[in-house]
Amino acid sequence: MAMLEIRNLHVKIENREILKGLNLKVNAGEVHSIMGPNGSGKSTLAQVLARRESYLVTEGEVLLDGKDLLAMKPEDAACEGVFMAFQYPIEIAGISNAYFLRAALNAVRKYHGRKEMDAMDFLPFYKGKMKLLEVDESFMTRSVNEGFSGGEKKRNEILQMALLEPKLAILDETDSGLDIDALRIVANGVNAMRSPDRATIVITHYQRLLDYIVPDFVHVLVDGRIVKSGGKELALTLEEQGYVGVETEARALAVAV
Amino acid sequence: MSTDTRTIDTLIEAEYKWGFVTEVESDSAPKGLNEEIIRLISTKKNEPEFMLEWRMKAFRHWLKLEKQQAEPKWANIKYDAIDYQDIIYYSAPKSKKAGPKSLNEVDPEILLAYEKLGIPLNEQKRLAGVAVDAVFDSVSVATTFQAELAEIGIIFCPFSEAVQRHPELVRKYLGSVVPYSDNFFAALNAAVFSDGSFIYIPKGVRCPMELMTYFRINAADSGQFERTLIIADEGSYVSYLEGCTAPTRDKNQLHAAVVELVAHDNAEIKYSTVQNWYPGDPVTGKGGIYNFVTKRGKCEGVNSKISWTQVETGAAITWKYPSVILQGDNSVGEFYSVALSNHWQQADTGTKMIHIGKNTRSTIIAKGISAGHGQNTYRGGVKILKSAVGARNYTQCDSLLIGDKCGAHTFPYIEAKNSTARIEHEASTSKVGDDQIFYLQQRGIPKEDALSMIINGFCKQVFRKLPMEFAVEAQKLLSVSLEGSVG
Ligand SMILES: Nc1ncnc2c1ncn2[C@@H]1O[C@H](COP(=O)(O)OP(=O)(O)O)[C@@H](O)[C@H]1O
Ligand SMILES: [Mg+2]
C-alpha cells in the first residue's frame, strides 16, 4: 500500500476550480518533486493535504496509509504525520519558538497516547536539532517567525520538521529566498530525515534544490493536473526548456482526450 | 479575510463556570435607597459618628447628581437605565456574632463556595504565601494570615474591622484619593459601601506575602459596593490582588466599588485584578454584572510607585479607569491591562495618569480583545501639569479582533502643559487570522489551544506583570472565556 494515494482530486477555491483531477502515489522511503509554473496549484495541493478547511474538495479521495485524509482536521492530519513547510511562514507575536514547538511536539505525543515531554528533556533535543540546522540558539526565545528574515523563516520550518519527525513532509518552495549556503543547510536537514518509512514531497521552481535533495520522481503540475512524470532527469529537461514545452504537450493531450 | 472567517465565529459558546449559588440564610436590608437604609448599614457595622456623617454627605450629593441626571453617559456602553430603588444595598450571610473571628465560625457552605472557586480558606488547604480576605456579598467572612502579618505591623483586615480598630487611619485616608464627590458611582459607593479590605504597611516593611481579596456576589437582587483602601508608608512594598465572581442570573446586578491607594516616599504598591464577574448569557446577552468602578492611586511621596495590572474577562459592562496621581517627584505610575469583550459584553476601560511632580514617569500598556458581538473601548488620559518638569509617558494600545461582528475603539486624551514632557503613543489593531490558527494546527495543536496561544502571546506583556500563580490563572481564564470562538 502506498503511503499517500491521491485519486482524481478536484479542489475549488472561492468557486474556481484549481485542482482538476490530480493523481499521485507516494511510497514510503521516496522523495517526489512537484514542479510547475506559478499559479498551477502546487501550494493548493500542499494546503489541501495539510487539510486547510477553506479549500473545497469537490471530487476525489486522498488516503494516508489507507486512512481517509480528507476526513481529518488539520491538527489530526498533523498528528498522523503530515507536515507542511509553509511557502509563507506565519508570524505569531509573544510566543517563543521553544514554547510553541514543545506545545506542538506534546500535542502529537498526546495524540499517540505517549507521555508529554517536559522542558528538561525538550531543551537538549531542541538544541541538537538547532545545531543540525546551524541555527543560533537565540532562536529559542524569539517569537515565532516575528522579525525573521525570509531565510530564517524557511530554516525555522525545517527545524520544526526535524523536531516533529513527520511521516510525510511537504516542502512548499522552501528553497525560495535562500542563499546557496542556507540551501545546503536546509537540504542537509531534509536528507538527514530520509528513511525507509518516511516520504517527502518537494515543491520547487528550481532544479537547483534537487541537486541537493535528489528526488526519486519528478512531476510537472500544470493547470491543476500532473501532466508529466519522470525521474530526476526530468527536472533538468524542465530547467533547459521551461514549462512551455510540457504545457503545449499537455494541452494537446487534453484536446485529444 | 478568506472564507474561513466563519470558522472563527464558533469559539464563543463557553459556559461560565463560576455561576453556582450558595444556599445560605442571609440577613438583607429591604430593597431601596434612602437615609434609613444608610443608617441601617452604619448601625449594623456599629460605626462611629464620623462614618455616618460622611455617608450622609455622600448620599445627599448623590441625590443631587441623580436629580441632575448626572449618571455618566460619555462611555461607549449601552444599557437599560438602572433602577436604584430596586436594589438590595445590604445582604450578609447570617452568623451568630458580627464579624466572625475564627474560621470555625464561618458557615461551612461558604467555605465550600470559596473552595469551589479555588480559594480554600482553611489552614490545611489555603494558598501558600497568599493572605486572603474573603468578601461574601456585603461582608468579609474570613481573613487568613492576619495574625502573622500583624506581627510585623501590617494591618490586613476587612474595612469594617478597620473602622473599629483603626478609626484614626480610616478617618485620615478615607476619601483622600477618591472623594465622595468624585463621580456619580463614587458618591453612591461612599453612601452605601458595606465592606472591602483595608491594608496598612508600616514604614520600611516589605510585605512578605501576596495580599488578596476575593469578592463573591451570591445573593439575588443585591448590589455589591465595596471599598478598598491601601496605604503604603515610607519605604514599604506590597503586592495586592483581587478576584471576583458571581452566580449566573437573568437580572443585571450592580457592582460599584471604590479603591484608593496611597504611596508615601519610596513606597511601592502593586495592585492586580483578575475580574471575572458573570458576563451575562452568551446567546441572549441577558443578565450579568454592571461593573462601575473607581480606582485611583496617589503617589504622594518622592520615588513612590503605583502599578495597576488588570485582566478583565467578566462582567456585562465594565466601566473603570484605574488612575495614578503622580504627585511626588520621580514617582512612577503603571497601567497594564487586558480587557476581553466576548458575546455581548461591553468594556470601556483605560487609565488616567496625572503628572504633577518633577521627572514623573508613566507607562500604559493596554490590550483589548473583542470577540463575538463584544465591544471594547480603550479610554486613556495623560495629563502633564505645568509643574511636571521632565515628565514622561509611554502608551501602547493594541486591539485584537476575533471574528467580524465585534468592535474595538480607542480614545487617547493627551494634555501637556509643560514643554519638557515627552509623550509617546503607539497603537495597533489586528485580527486573529485563520492563517495563524492554521499554522499552529498544522503543527498538531488543536484549534482551541491555537487560539488561546495566540491570545496569550498578545497579552504577554501584561501577564508578565501578574504574580506567577495568578498569571497562570489568568491565562486559563482567558482561554475558558474564549472557548467556542473558533469552530
Ligand atoms: N486563498 C485563495 N483565494 C483565492 N484564490 C486563491 C487562493 N489561494 C490560491 N488561489 C489561486 O489558486 C491558483 C493556484 O494557486 P497556488 O496553489 O498558490 O499556485 P502555485 O503554488 O502553484 O503557484 C492561483 O490562481 C491562485 O490565485
Ligand atoms: Mg505556491
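This is a predicted model: local features need pLDDT of at least 70, side-chain atom pairs count only at pLDDT 80 or more; totals for chains, interfaces and linings use all residues.

1. Angles run from 0 to 180 degrees between N-to-C directions, with axes fitted to C-alpha atoms and, for helices, over the stretch in contact. Helices (H or I, at least four residues) and strands (E, at least two) are DSSP runs, numbered from the N terminus.

2. Those strands belong to an open sheet of 10 strands with mixed pairing, in the order E4-E3-E7-E9-E12-E14-E17-E19-E21-E23 (chain B). Strands E4 (139–143) and E23 (422–431) of chain B are the edges, each pairing on one side only. Ignoring direction, neighbouring strands of this sheet are turned by 10° against each other on average. Two strands count as paired if DSSP finds at least two bridges between them.

3. Within that sheet, E17 (residues 332–341) and E19 (residues 361–371) of chain B run parallel and are joined by 10 bridges. B:Ser337 has B:Ala366 in E19(B) as its bridge partner. H10(B) also packs on the sheet, touching E14 (305–312), E17, E19 and E21 (392–402) of chain B, and its direction makes about 165° with that of E19(B).

4. Chain A has its own open sheet: 6 strands in the order E6-E7-E8-E3-E9-E10 (chain A), again with mixed pairing. Strands E6 (82–85) and E10 (225–230) of chain A stand at the edges with a single partner strand each, so one side of each has no neighbour in the sheet. The twist from one strand to the next averages 20°.

5. E7 (residues 168–172) and E8 (residues 199–203) of chain A pair in the parallel sense over 5 bridges, and A:Asp172 is partnered by A:Ile203 in E8(A). H1(A) lies across E3 (31–35), E6, E7, E8 and E9 (217–222) of chain A, at about 150° to E7(A).

6. Now the interface: 20 residues of chain B are in contact (heavy atoms within 4.5 Å) with 34 residues of chain A. The two chains bury about 2,300 Å² between them, 61% of it on carbon and sulfur atoms; this is the accessible area (1.4 Å probe) lost on putting the parts together, summed over both. B:Phe438, B:Tyr439 and B:Arg443 supply 35% of the area that chain B buries against chain A, more than any other three residues.

7. Which charged pairs hold our attention here? Between chain B and chain A the count is 3 salt bridges (a side-chain nitrogen of Lys or Arg within 4 Å of a carboxyl oxygen of Asp or Glu). B:Lys447 forms a salt bridge with A:Glu53, with the closest N and O atoms 3.5 Å apart. Helices H9 (434–442) and H10 (447–463) of chain B each supply at least two residues of the side that touches chain A, and H9(B) gives the largest share, 8 residues.

8. Over all chains, the whole structure has 34 salt bridges. B:Lys447 lies in helix H10 of chain B and A:Glu53 in the loop between H1 (42–49) and E4 (56–64) of chain A, so this pair joins two chains.

9. On conventions, residues are numbered from 1 along each chain as its sequence is written, and chains are lettered from A and ligands numbered from 1 in the order written. Local features need pLDDT of at least 70, side-chain atom pairs count only at pLDDT 80 or more, totals for chains, interfaces and linings use all residues, and side-chain values use heavy atoms, leaving out hydrogens and water.
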